[in-house]
Amino acid sequence: MAFLSDTLARVKPSPTIAVTSRARELKAAGRDVIGLGAGEPDFDTPEHIKEAAIEAIRRGETKYTAVDGIPELKAAICAKFARENGLSYTPAQITVGSGGKQVLFNALVATLNPGDEVVIPAPYWVSYPDMVLLAGGTPVFVEGPRETGYKITPEALEAAITPKTKWVIFNSPSNPSGAAYSAAELRGLTDVLMRHPHVWVLSDDMYEHLTYGGFEFVTPAQVEPGLAARTLTCNGVSKAYAMTGWRIGYAGGPETLIKAMAKVQSQSTSNPCAISQWAAVAALEGPQDYVRESRAAFERRRDLVVSALSACPGIDCPTPEGAFYVYPSIAGLIGRTTAAGTRIDSDETFAAALLDEAGVAVVFGAAFGLSPAFRISYATSDAVLAEACARIKVFCEGMT
Ligand SMILES: Cc1ncc(COP(=O)(O)O)c(C=O)c1O
């Protein structure tokens with residue numbers, strides 16, 4: 001009898017973490033490496049949020065809480081959904097978990113049976129397919145190619161839906177492409193979903209606040225209220241308030257689903273960290289200056305990176321609407337040879353050669369299900385980004 005489960009054998013470790021570890025190893029060995037793999041803001045958590053956490057410790061908020069969130073945080077989340085998304089949820093329709101990741105995982109574990117399909121637009125966040133597999137479901141991919149701005153079309157969505165489809169996952173702005181759907185584009189997709197009442201919608205709005213150039217963020221249940229009764233709107237404080245280490249994510253959705261998700265959480269982690277929950281209350285209810293300031297910094301960096309990469313021969317870098325990633329295509333470099341003699345036959349070889357020969361760590365597109373491309377996280381300083389792009393340019397110019 002095998003010790004490890006068959007389910008685990010179907011799952012792969014996170015490729016983004018693998019890249020970060022490889023870059024760390026090279027650095028430890030004394031190599032000059034710039035890591036552009038990490039998916040977290042380089043800013044510190046705002047001071048008033050840290051103070052709220054310290055206060056909570058002093059007040060003795062250090063015990064178990066209700067499994068899926070304290071009433072104060074649920075109230076703050078209801079107010080946030082109403083204020084920013086025009087969505088009306090009661091506290092019983094809100095769940096809080098240890099990061100957006102746990103919330104998504106709970107939803108899939110609570111609902112998937114063997115054979116159930118989950119439609120995932122590609123390029124996708126690396127965790128979606130593996131979470132679906134761990135929960136016993138089957139991922140079904142729909143490509144959103146470079147030509148359509150890394151977005152899927154209503155026709156492609158329609159073609160992917162079968163009688164077995166349980167969920168469609170939306171992630172706008174997207175990790176890894178930064179692409180975000182306008183209200184009109186999302187309407188095209190929600191119209192398709194209105195014709196398939198057995199399909200549920202999982203909207204991962206983690207990068208909601210990071211949109212640029214006046215782009216207006218929208219979420220499916222807002223664009224099509226007719227979908228609200230079968231939509232789980234997921235969000236969190238990790239990216240919006242530079243709180244990745246605090247581990248608080250949340251979602252709003254129909255009460256039966258929320259209760260089922262709490263049942264899963266009650267038998268795994270129980271409540272998310274009590275102190276972090278109080279910090280999240282301060283994040284959602286306190287001053288929002290950090291959100292504005294970080295958005296301005298990320299927009300400046302996006303423009304810097306897009307313009308620098310556009311000057312690299314063979315790289316085609318679209319300007320994304322949001323998040324802190326760019327996803328340039330390297331179709332123009334396939335078949336070329338680097339100055340050190342590596343033949344580029346895939347985005348994986350490209351990323352490996354870029355790391356070894358130029359000291360820049362990026363994540364290859366195949367990890368996100370759409371090749372040939374690579375992801376750069378621009379959540380790092382302007383100076384580091386400028387240096388990294390200069391190295392990429394020299395690397396590309398050296399190819400024959
Ligand atoms: C698209 C997307 N969803 C969810 C998450 C998970 O966020 P959290 O850190 O709150 O678990 C991430 C984190 O990288 C993400 O990129």
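1. Start with Val363, which stands opposite Arg375 in S12. Their strands, S11 and S12, pair in the antiparallel sense over 2 bridges. On terms: strands (E, at least two residues) and helices (H or I, at least four) are DSSP runs, numbered from the N terminus, and two strands pair if DSSP finds at least two bridges between them.

2. Before going further, a word on what you're looking at. This is a predicted model, in which local features need pLDDT of at least 70 and side-chain atom pairs count only at pLDDT 80 or more, while totals for chains, interfaces and linings use all residues. Residues are numbered from 1 along each chain as its sequence is written.

3. Back to that sheet. It is an open one of 3 strands in the order S9-S12-S11, with antiparallel pairing. Strand S9 (325-326) and strand S11 (363-364) stand at the edges with a single partner strand each, so one side of each is left without a neighbour in the sheet. S9 is joined to strand S12 (residues 374-377) by 2 bridges, and the bridge partner of Val326 in S12 is Ile376.

4. Which way do the residues of S12 point? Phe374 and Ile376 go one way, Arg375 and Ser377 the other, and all are buried. Buried here is a count: 20 or more other C-beta atoms within 10 Å of the residue's own, against 12 or fewer for exposed and anything in between for partly exposed, with C-beta atoms placed from the backbone.

5. Strand S3 (residues 117-122) is worth a look too. It is mostly covered, with 6 of its 6 residues buried. Glu117, Val119 and Pro121 point one way from S3, while Val118, Ile120 and Ala122 point the other way. S3 runs parallel to strand S4 (residues 138-143), and 6 bridges join them. Within S4, Pro139 is the bridge partner of Val118.

6. Now for a loop residue: Phe217, found between strand S6 (200-204) and helix H9 (220-223). Is Phe217 buried or exposed? It counts as buried, because it has 21 C-beta neighbours inside 10 Å. Leaving out residues up to four places away in sequence, Phe217 touches Ala180, Glu208 and Thr211; contact means C-beta atoms, placed from the backbone, within 7 Å. Gly188 is 29 residues from Phe217 along the chain, and their C-alpha atoms are separated by 16 Å.

7. Next, a pair of helices. The axes of H13 (residues 347-358) and H14 (residues 382-397) come within 11 Å and cross at roughly 105 degrees. These two helices are therefore roughly perpendicular to each other. The axes are lines fitted to C-alpha atoms, for helices over the stretch in contact, and angles run from 0 to 180 degrees between N-to-C directions; 65 to 115 counts as roughly perpendicular, under 35 as roughly parallel, over 145 as roughly antiparallel and the rest as oblique. Leu354, Glu357 and Ala358 of H13 make the contact with Arg391, Ile392, Val394 and Phe395 of H14.

8. Finally, the whole chain. It has 14 helices and 12 strands. The radius of gyration is 21 Å, close to the 21 Å that the globule rule gives for 400 residues, so the chain is as compact as a globular protein of that length. That radius is taken over C-alpha atoms, and the rule is 2.2 Å times the number of residues to the power 0.38. Buried residues make up 48% of the 400.

Key. Two residues are in contact if their C-beta atoms, placed from the backbone, lie within 7 Å.
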